[in-house]
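Biologist: I am new to this structure. Please show it to me, and then I will ask for a close look at a single part.

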Amino acid sequence: MALRLFWIGLGNMGRGMCKNIVEKANLDQPLLIYNRTRQRSVELSEKLGADKTAVVDSVAEGVAQADVIITCVANDKAMEATVDEIIKQGGDIAGKLFVDCSTIHPDTTERVGKALTDKGAEFVAGPVFGAAAMAESGMVISVLAGPKASVDRARPYFKGVTARAEIDMSGEPWGKALLLKVTGNAFILGMVEMLAEGHVLAEKTGLGTKYLDSLVGNMFGGPFGAYSGRLVSGDYYKRDPPAFAVDLARKDAGHALSLAKAAGTRMRIVEVADEHLKLVKEHVGENGDLAGIYGAIRLEAGLDYRNEA
């Protein structure tokens with residue numbers, strides 16, 4: 001009999017990864033799903049099929065029924081609250097495998113991992129790289145860290161199912177996977193900052209964003225081309241909900257900056273990006289997007305936040 005899976009957290013990434021699990025993983029029972037806002041669980045279950053998913057009403061209910069529990073929640077506070085709830089319920093979690101795909105501080109990962117393993121459970125840090133569209137198509141890049149035996153138990157739900165590739169960190173401390181994740185997300189923050197500055201310069205000098213967008217797409221491609229397209233098309237303010245919410249982007253920036261400070265170095269481009277994200281939040285609110293950095297820089301340059309013209 002295949003192991004029973006329980007998924008906690010149905011944000012942009014979680015919904016796409018659940019889709020691929022029910023379609024590709026070796027399951028012989030419906031995937032248990034839970035989200036703090038129950039309606040999101042109900043809607044996903046209707047979309048994927050009631051025969052492939054089962055909505056549970058509490059974290060404790062799902063954990064009690066599952067062998068493997070995968071979390072993908074918004075931030076450190078949510079992850080710590082989830083683990084606290086699991087432990088305070090007092091149920092037996094010995095032998096259960098917990099895999100966390102959230103983007104949180106490495107120290108938080110170490111704390112929750114210890115809390116779970118102290119109760120006899122296994123834990124794997126499993127952050128993933130990729131946007132929501134990549135999660136939907138099973139094309140994220142997974143990072144798996146922790147004891148090798150635990151990573152081996154988690155592996156069947158990643159490469160070839162939810163992920164196109166895996167960075168194997170088996171045998172490494174859990175926190176090292178999050179060091180990689182936070183550093184990688186700092187690259188994304190820096191990339192968007194550079195693209196946004198370049199496109200504002202192109203507009204202000206009369207070069208025009210069309211030519212710069214063409215250069216970026218042909219020369220750099222990949223995420224550079226995708227984000228450049230989001231800026232010039234106006235997707236950075238049109239999308240609802242945002243592709244990469246401003247609060248989550250600032251959370252990642254904060255983690256990167258705190259890690260750099262603790263290590264005795266600086267990430268200056270992340271410092272600048274975070275200042276622009278602060279302007280995005282002030283101008284748009286919680287529906288602001290990471291790509292809204294472009295709008296913030298436009299404002300600084302005397303242009304409208306939106307590039308509608």
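Is Gly254 buried, partly exposed or exposed?

Modeller: Some ground rules come before the answer. This is a predicted model, where local features need pLDDT of at least 70, side-chain atom pairs count only at pLDDT 80 or more, and totals for chains, interfaces and linings use all residues. Residues are numbered from 1 along each chain as its sequence is written, and side-chain values use heavy atoms, with hydrogens and water left out.

Gly254 is partly exposed, because its relative accessible area is 34%. Here buried means under 20%, exposed means over 50%, and partly exposed is in between (1.4 Å probe, protein chains only). Gly254 sits in helix α12. Helices are DSSP runs of H or I with at least four residues, strands are E runs of at least two, and both are numbered from the N terminus. Ala291 is 37 residues from Gly254 along the chain, and their C-alpha atoms are 17 Å apart.

Now step back to the loop between α11 (235-238) and α12 (246-263). Pro241 is found there. The peptide bond from Asp240 to Pro241 is cis, with omega near 5°. In general, most peptide bonds are trans.

Leu215 belongs to helix α9, residues 209-219. Leu215 is also partly exposed, at 46% relative accessible area.

Last, a pair of strands. Strands β8 (residues 140-146) and β9 (residues 163-170) run parallel and are joined by 7 bridges. Pairing requires at least two DSSP bridges between two strands. Within this pair, Ile141 stands opposite Ala165 in β9.
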